[in-house]
Amino acid sequence: MVLENAKEEETSVHSGATKRHRKAGKKRQQKNQRKQKSSVKEVLPPPLTATSPPPSLFDGTTRLYVSYPCPFAQRTWIARNYKGLQEKIKLVAIDLGDRPAWYKEKVYPENVVPSLEHKNEVKGESLDLVKYIDNHFEGPPLLPDDLAKQTFAEELLAYCDSFAKSLNSFLRSKGDDISDAGMVSPVVALDKFEESLSRFGDGPFLLGRDFSLVDIAYVPFVERLHLFLSDLKKYDITKGRPKLTSYIKELNKIEAYTATIWDPQESLTQIKKKFENCPKILGPRKKCYMFFLKINWGSKSAICYLASFICSIWMASSRNKE
Ligand SMILES: N[C@@H](CCC(=O)N[C@@H](CS)C(=O)NCC(=O)O)C(=O)O
């Protein structure tokens, strides 16, 4: 592809093509190079643990500190990839379960990911970082020029916290109906999302034709709602939501995003562990066990007494049959 472009450029120079032609060719070439750069699969660094030494901090290297399973960190990671900054912003993965002490002491006192080390400063908060990366680095802009789209972007960004919380509220809720899931029901959040996808008629994304920072804000949570609801509740979020269906299809064509998808099985294992005591995601056997653990000793011994009484009757009746 790059070769083809070089040839194209050479011919146009020889045929005395205008300056504008050459400029367009160069732009195309840069675009292709960016595409190529991002299509080479990045080898992800292993997560740093409590025993790992820190990188040589504040040496001028720009570093993005993430945890691979974290949806907030995923936002910044997608932005970095989409802008083709794989070589400019170094990814540093942290194992949150076995966190190195130097991360809090020397990098980011809030002790959460993501954070960005840039020009001898460390900044945090995923949405601020996505905007920061967009404003301070090269690469395709993450917001369109259109004012109406920018206004809608602000509206959507203001709602994305509630959208993200719908995931937690579902996992923590007791009822069986996911439309009745605590603070923000995922059904309501997803219906609102489907409606938002219809705002502009020019494309599959939230702001129309182009993938933007608003998509980046939502995508990690759409991905998790899709996975968790389907596995834990057998609820397909795409059913009856045609816009969301094609949205997910289009997203899966964006390598800057697909490269950040964490192993679904790992994600499920982690979430089940995190919400282990929530009735919604426990199997019937585990539910009984949790119930037994919670009740007082009097009730426990009454249940044991009853169980042994039933056992002895059952054994006696099977002995009689013999
Ligand atoms: N509001 C923050 C939230 C970041 C956050 O909660 N990150 C989690 C990982 S997904 C974290 O680092 N938690 C620290 C901990 O578990 O102690 C953002 O948007 O960046």
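# Close-up views of a predicted model

Figure 1. Leaving aside residues up to four places away in sequence, Val-219 touches Ile-78, Leu-251 and Tyr-257. The model shown here and in the other views is predicted. Val-219 is found in helix α8. Val-219 is buried, because 23 other C-beta atoms lie within 10 Å and the cut-off for a buried residue is 20 or more. For the chain as a whole, 67% of the contacts between residues at least 6 apart in sequence join residues at least 24 apart.

**Figure 2. Contact of helix α5 with helix α8.** Helix α5 comprises residues 126-136 and helix α8 residues 213-233. Their axes come within 10 Å and cross at roughly 145°. The crossing of α5 past α8 is right-handed. On the α5 side the contact is made by Leu-127, Val-130, Lys-131 and Asp-134, and on the α8 side by Leu-213, Ile-216 and Ala-217. Five of these contact residues are nonpolar, two are charged and none is polar.

**Figure 3. Buried and exposed sides of helix α5.** The buried residues shown in α5 are Ser-126, Leu-129, Val-130 and Ile-133. These residues are on the same side of α5, because they cover an arc of only 105° around the axis. Asp-128, Asn-135 and His-136 are exposed on the other side of α5. The cover over the buried residues of α5 includes α3 (71-82), β3 (115-118), β4 (121-124) and α8.

**Figure 4. Buried face of helix α7.** Helix α7 spans residues 186-196, and its buried residues are Pro-186, Ala-189, Leu-190, Phe-193 and Ser-196. Seen down the axis, these residues fall within an arc of 115°, so they line one face of α7. Among the elements that cover them are α6 (147-172), α8 and α9.

Figure 5. Ala-189 is located in helix α7. Ala-189 counts as buried because it has 26 C-beta neighbours inside 10 Å, where 20 or more are required. Not counting residues up to four places away in sequence, Ala-189 touches Ser-162, Phe-163, Ser-166 and Val-184. Tyr-159 is 30 residues from Ala-189 along the chain, and the C-alpha atoms of the two are separated by 9.2 Å.

**Figure 6. Shell around the ligand.** The residues that surround the ligand are Ser-67, Cys-70, Phe-72, Leu-96, Val-112, Val-113, Pro-114, Gly-124, Glu-125 and Ser-126. Six residues of this shell are nonpolar, three are polar and one is charged. Two members of the shell, Val-113 and Pro-114, are joined by a cis peptide bond with omega of about 5°.

**Figure 7. Loop between α4 and β3.** Pro-114 is found in the loop between α4 (101-107) and β3. Asn-111 has its place in the loop between α4 and β3 as well. The phi of Asn-111 is near 60°, a positive value in a residue other than glycine. Asn-111 is partly exposed, with 15 other C-beta atoms within 10 Å.

**Figure 8. Loop between α8 and α9.** Lys-234 is placed in the loop between α8 and α9. Lys-234 is not a glycine, yet its phi is positive, at about 55°. With 7 C-beta neighbours inside 10 Å, Lys-234 counts as exposed. Asp-236 is found in the loop between α8 and α9 (242-251). Asp-236 also counts as exposed, with 12 C-beta neighbours inside 10 Å; the cut-off for an exposed residue is 12 or fewer. The C-alpha atoms of Asp-236 and His-226 are separated by 6.9 Å, and the two residues are 10 apart along the chain.

**Figure 9. Overview of the chain.** The chain contains 13 helices and four strands. Of its 322 residues, 25% are buried.

How values were computed: Residues numbered from 1 in each chain as written. Predicted model: local features only at pLDDT ≥ 70, side-chain atom pairs only at ≥ 80, totals over all residues. Near = placed C-beta within 6 Å. Nonpolar A, V, L, I, M, F, W, Y, C, P; charged D, E, K, R; others polar. Axes fitted to C-alpha atoms, helices over the stretch in contact; angles between N-to-C directions. Helix = DSSP H or I, 4+ residues; strand = E, 2+ residues; numbered from the N terminus. Left-handed = near helix turned anticlockwise from the far one by under 90°. Contact = placed C-beta atoms within 7 Å. Arc of directions from axis to C-beta.
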